[in-house]
Every structure is written in C-alpha cells, then in structure tokens.
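Thanks for coming, everyone. Let me put the model up, and then I will walk through it.

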Amino acid sequence: MDNTLHKIGDSLIRNPGLGQLSRRGFIAASAATLASCKAASPLPPSAAVKTPPNKEYRTPSVQGPVPRNQAGNPSSNFSKDAGVTFSRVQVSGNFIAITFDDGPHPQNTPRLLDMLAQRNIKATFYVIGRSVDLHPGVLRRTVAEGHEIGNHSHTHRLLSKLGDAEVRQEMQRCQDAIGRAAGVRPRTMRPPYGGLLQRQRELVHEEFGYPTILWSVDPLDWRRPGPSVVASRILSATTAGGIVLAHDLHSQTVDAMPATLDGLLKRGFKFVTVSQLIAMKTETTAQASVTPAQ
Ligand code: NI
C-alpha cells in the first residue's frame, strides 16, 4: 500500500496535469490507482468508474441447512377439459409452479438441479428440442430427479408467424427429441416468446393434448439484471397459484435461485409441477384461469 502511494506521488510529479485536479478529482484518481495496483501509470479519471464484469463469480455454496419443500407427490392427472391456456391456476392452498425455459444447458442446468435437489423442489423445464439433441444426458438427469418436462418447440421460432404445418412440426420434433433422450412425453407446452394465436393454441391442444402455459411472474431475467434483482422481482410478484417464468439458459438466473427458492419457501409457498398445479384447479373458477387470446 505504501509503495502504491509512493508511486502516485511519483506519477503526480511526472504528470503535472494531474496536480491541477481539484482535491476531489485527486481523490478519485488516487482511488482508481489503488484499485488497479498493476496499472503502470494512473488511469485517466474517465476510466475510474469502470469495473470489469467478474466472470469468476459463483454462487456461494450453501452453509448449513436450507429450507425444504414439503414432502409428497400430488397427482398430476388433469382433464383435457381443464383449459386451453393457463397463466396461473386457481387453487386452494399456497401452491406455485416454477418453470425454467430454453435449456437444457450443459453447465447451468446441472447447477440448478443441485439447488433444487437440496430443497426437495420439483420444477418444470420447457426445453428446446434442438438443445435436447445436443445435451440428452442433462435431460435424462432432469427427468430422473423428478422434474417435469414441457415442450418449448424444436428451434425456438416465433410460432405465431408460422403456418399450421410448421407449428405441428415444431411440436412434434421437440416431443420426439424428449422421448428419444429421456423416454417421457411432455404434457404441456410453452410457446417461445409467449407468442401463439388462439387458433394455434386450440390446434396444439386438440392434436397434442398440450395446454398452452404462459406465466404470472416474469422477472425479465433474460435481460440479465443481476441475481439480486431477479430474486427480488420473483419474491415480490409471486402469489398462490402462480406460475413463475425463469431461464436456466442464463447463469445469472441460476445464481439468483438459492435466495429466490429459500425466500419463497420461507413465505410458505409449496412447489409443484405445472401438471400438478393444473390438476389442483378448483372447479368454481374454471373460466378465470383462461387467458384471452393475444
Ligand atoms: Ni424461450
């Protein structure tokens, strides 16, 4: 430290311009120099506020016990009459479903699976068929650990711009990839970008049996606002019967999950999969859960 201060003094002598800085400017310049001790010469004041992204950031490992989701495995049998579209489900009880889109990802998904397993949380993964073909082992692990798989199309195109034959192909190819990789068949779908016309929703419901699953909580995590913002957005917007949207494609989203999941559990929410949530739908409010066409 002393040596660094000495160097600052030297540089002031060599760079008389710096001596003309106000006292405040001098402090800023000194701080910049101290923060970048390896710099050969003081940084210009304009560079003082630049902080490079920390690519080495990893979520700290859990210290001690974490809250755990309730034991039990509620039925996931829902009727085809339950509805064509859901953005939330009217249920009695503090049940919610958390969903992760756009995987499987070779690093982020396994990291997320560890976090979910520690807390006995079962989630729903809306996977892209093309990525399933690339990382079938990640999908197999996801299924083996009790999570639900949903269809998120094969190539993640905006389906509302496609004709019926292409929509069918996107659904079928993704369903086939999931079957090949993990031997299961999805029961629900989520359209990429949430874009699917009412007529198309009825088509995939009729032909594939998939209700279209949208969401009630969107933290906009794909914009990468930072893990703490993702967590606080989800915690402040989640209510019973809610469907939370997140993306296991993004490392920041996974970084946000320990605080998010623990916060939701501490608020008394019980995690179930999307199919389980739909199966819990209370009869009297059947119409309320159907979202109007976009
Ligand atoms: Ni997506």
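Start with Arg-141: its relative accessible area is 26%, so Arg-141 is partly exposed. On that scale, buried means under 20% relative accessible area, exposed means over 50%, and partly exposed is in between, with a 1.4 Å probe and protein chains only.

Some ground rules. This is a predicted model, where local features need pLDDT of at least 70, side-chain atom pairs count only at pLDDT 80 or more, and totals for chains, interfaces and linings use all residues. Residues are numbered from 1 along each chain as its sequence is written, and side-chain values use heavy atoms, with hydrogens and water left out.

Back to Arg-141. Which residue does Arg-141 form a salt bridge with? The partner is Asp-114, and the closest N and O atoms are 2.6 Å apart. Asp-114 lies in helix H4 and Arg-141 in helix H6, so this pair ties together parts that are 27 residues apart in sequence. Helices here are DSSP runs (H or I, at least four residues), strands likewise (E, at least two), numbered from the N terminus. Asp-114 has 43% relative accessibility, so Asp-114 too counts as partly exposed.

The whole structure has 11 of them.

Next, Arg-157. Arg-157 forms a salt bridge with Glu-166, with closest N and O atoms 3.3 Å apart. Arg-157 also meets Glu-170 in a salt bridge, at 3.7 Å, N to O. Arg-157 sits in the loop between S4 and H7, and Glu-170 in helix H7, so that pair ties together parts 13 residues apart in sequence. Now the accessibilities. Arg-157 is partly exposed, at 36%. Glu-166 is partly exposed, at 32%. Glu-170 counts as buried, at 5%. And there is a network: salt bridges that share partners join Asp-114, Arg-141 and Glu-145.

Glu-148 is in strand S4. Glu-148 is buried yet has no salt bridge. How far away is the nearest side chain of opposite charge? That is Arg-187, at 6.1 Å. For charge, Lys and Arg count as positive and Asp and Glu as negative; His and the chain ends are not counted. What Glu-148 does have is polar contacts: its side chain reaches that of Thr-273 at 2.6 Å, and that of Ser-275 at 2.6 Å. A polar contact is a pair of N or O atoms within 3.5 Å; within protein, one must be able to donate a hydrogen and the other to accept it, and residues adjacent in sequence count only if both atoms are side-chain atoms.

Now the nonpolar side. A nonpolar core is a set of buried Ala, Val, Leu, Ile, Met, Phe, Trp, Tyr and Cys residues joined through side-chain atoms within 4.5 Å. The largest one has 33 residues, and those touching the most other members are Ile-98, Phe-100, Leu-116, Phe-125, Leu-139, Met-257 and Phe-271. Which helix gives the largest share of this core? H10 does, with 6 residues. A second, separate core has 15 residues, including Phe-78, Phe-95, Ile-213 and Ile-243.

Phe-125 touches, among others, Phe-100, Leu-112, Leu-116 and Glu-148, not counting residues up to four places away in sequence. Contact means heavy atoms within 4.5 Å.

Last, H4 again. Its buried residues include Pro-110, Leu-112, Leu-113 and Leu-116. The buried residues of H4 pack against S2, S3, helix H6 (136–144) and H10. After H4 comes Asn-120, with a positive phi near 55 degrees.

Note on methods
Salt bridge = Lys/Arg side-chain N within 4 Å of Asp/Glu carboxyl O.
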